[in-house]
Amino acid sequence: MVDASVDEASYVTFCGVGKSYDAKTLSVRNVSLAVKRGEFFTLLGPSGSGKTSCLMMLAGFERPTFGEIRLAGRSLASVAPYDRNIGVVFQNYALFSHMTVAENVAFPLSVRKLSRAEIETRTKWILAMVRLDELVARYPYQLSGGQQQRVALARALVFNPDLVLMDEPLGALDRQLREHLQTEMRRIQQEIGTTVIYVTHDQSEALSMSDKIAVFNNGEVQQVDTPKSIYAWPANSFVAGFVGDNMQLEGVVVARSGGDAQIDVPALGRFRGLAIDVGSAGSRAAMVLRPEHLRLTGTGDEGGGSITVTVTQVVFFGHQVRVNLTHASGATFFTHIAAIEGDSIPNVNSEIRLHWSAQNARVYSVG
């Protein structure tokens with residue numbers, strides 16, 4: 001578990017928060033987080049990792065078993081959900097079926113008893129922002145899934161909330177529409193400057209949209225950092241395995257030197273990599289490799305990897321080709337080649353040398 005330091009000047013803070021639903025087990029374990037004003041902050045993790053529980057406690061739909069949550073320096077312990085001035089966007093849209101697009105978006109303003117003129121002005125502004133100003137008279141059933149989700153986003157933003165929470169909002173959409181809305185949501189968030197806390201299990205979604213990511217597992221925060229740092233420098237073996245494509249070679253640490261570790265992988269050999277979270281010599285460890293760091297041409301650097309493998313499959317993905325490889329020991333690898341580089345794509349069943357640099361290998365403790 002990572003003990004995330006909390007900056008008291010941060011806009012949203014979780015301070016040692018825990019949650020139990022049965023008074024026996026903790027679904028959230030001593031979570032500490034700090035979110036800055038205007039950030040797009042993502043809670044990323046597998047199902048049951050505690051990320052949605054954290055979102056529900058922040059919204060006020062659940063209460064922490066222990067710890068404190070603060071918004072703009074104010075404890076939320078005694079603040080009712082409707083007094084928190086927080087917008088929420090769910091996966092199922094939660095639109096009112098008997099209301100038009102304009103009426104759905106205007107609803108939070110009506111509840112707050114704004115004047116008719118102010119309601120019309122704000123509704124028109126936000127519908128233009130989400131590019132739905134031509135569909136104001138339609139009902140939810142007359143809209144596509146992506147359009148309905150933009151209505152839900154507009155409704156969450158129209159009353160100028162202090163914070164917007166999003167729980168898997170794009171999970172029900174097809175890939176192309178989901179990627180389009182990722183771009184749209186990020187554009188809108190940056191233009192308005194709203195602070196967003198976003199829950200997802202989709203790593204590509206988190207990497208492409210976020211300013212910061214908190215990776216969850218078993219109710220604990222494993223790492224908090226920028227998308228680039230989490231991908232390039234995972235803090236432990238769970239983050240390395242969960243975020244991005246990778247291969248893991250398990251073995252035993254045989255030596256530590258400075259920031260490097262040498263690992264002996266049965267039937268493959270001894271390889272050197274950067275020691276990120278590694279025990280002493282004799283402890284079990286895994287070397288993690290990304291497919292983009294594997295080369296089928298050239299030579300390996302000193303201490304890196306250079307092994308003979310067999311091409312078992314070549315899979316065409318349009319812009320690139322995935323090459324699946326197997327070592328005589330049974331260890332499997334894969335790498336990608338740009339589809340335009342047709343001459344360099346090897347034949348199935350051919351033997352080839354596979355190389356990687358020690359500087360691109362990460363070593364972590366396992367077990």
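**Cavities and a helix pair**

Reply: The count comes to two cavities of 30 Å³ or more. A cavity here is a set of points on a 1 Å grid over the protein atoms alone, where a 1.4 Å probe fits but cannot get out. This is a predicted model, where local features need pLDDT of at least 70, side-chain atom pairs count only at pLDDT 80 or more, and totals for chains, interfaces and linings use all residues. Residues are numbered from 1 along each chain as its sequence is written, and side-chain values use heavy atoms, with hydrogens and water left out.

The largest cavity holds about 50 Å³ of space. A volume is the space filled by probe spheres set on the points, which are joined across faces, edges and corners. Its lining is made by Leu153, Leu157, Met166, Met185, Ile188, Gln189, Thr194 and Val196 (lining residues have an atom within 4 Å of a point). Helix H4 (145-157) and H5 are the elements that give two or more residues to this lining. H5 gives the largest share, three residues.

Now follow H5 to another helix. The axes of H3 (residues 116-129) and H5 (residues 175-192) come within 11 Å and cross at roughly 135°. Trp125, Ile126 and Met129 in H3 meet Arg187, Ile188, Glu191 and Ile192 in H5, where contact means heavy atoms within 4.5 Å.

Note on methods
Axes fitted to C-alpha atoms, helices over the stretch in contact; angles between N-to-C directions. Helix = DSSP H or I, 4+ residues; strand = E, 2+ residues; numbered from the N terminus. 1 Å grid on protein atoms, 1.4 Å probe; cavity = no way out; pocket = protein on both sides within 12 Å on 5 of 7 lines; lining within 4 Å.
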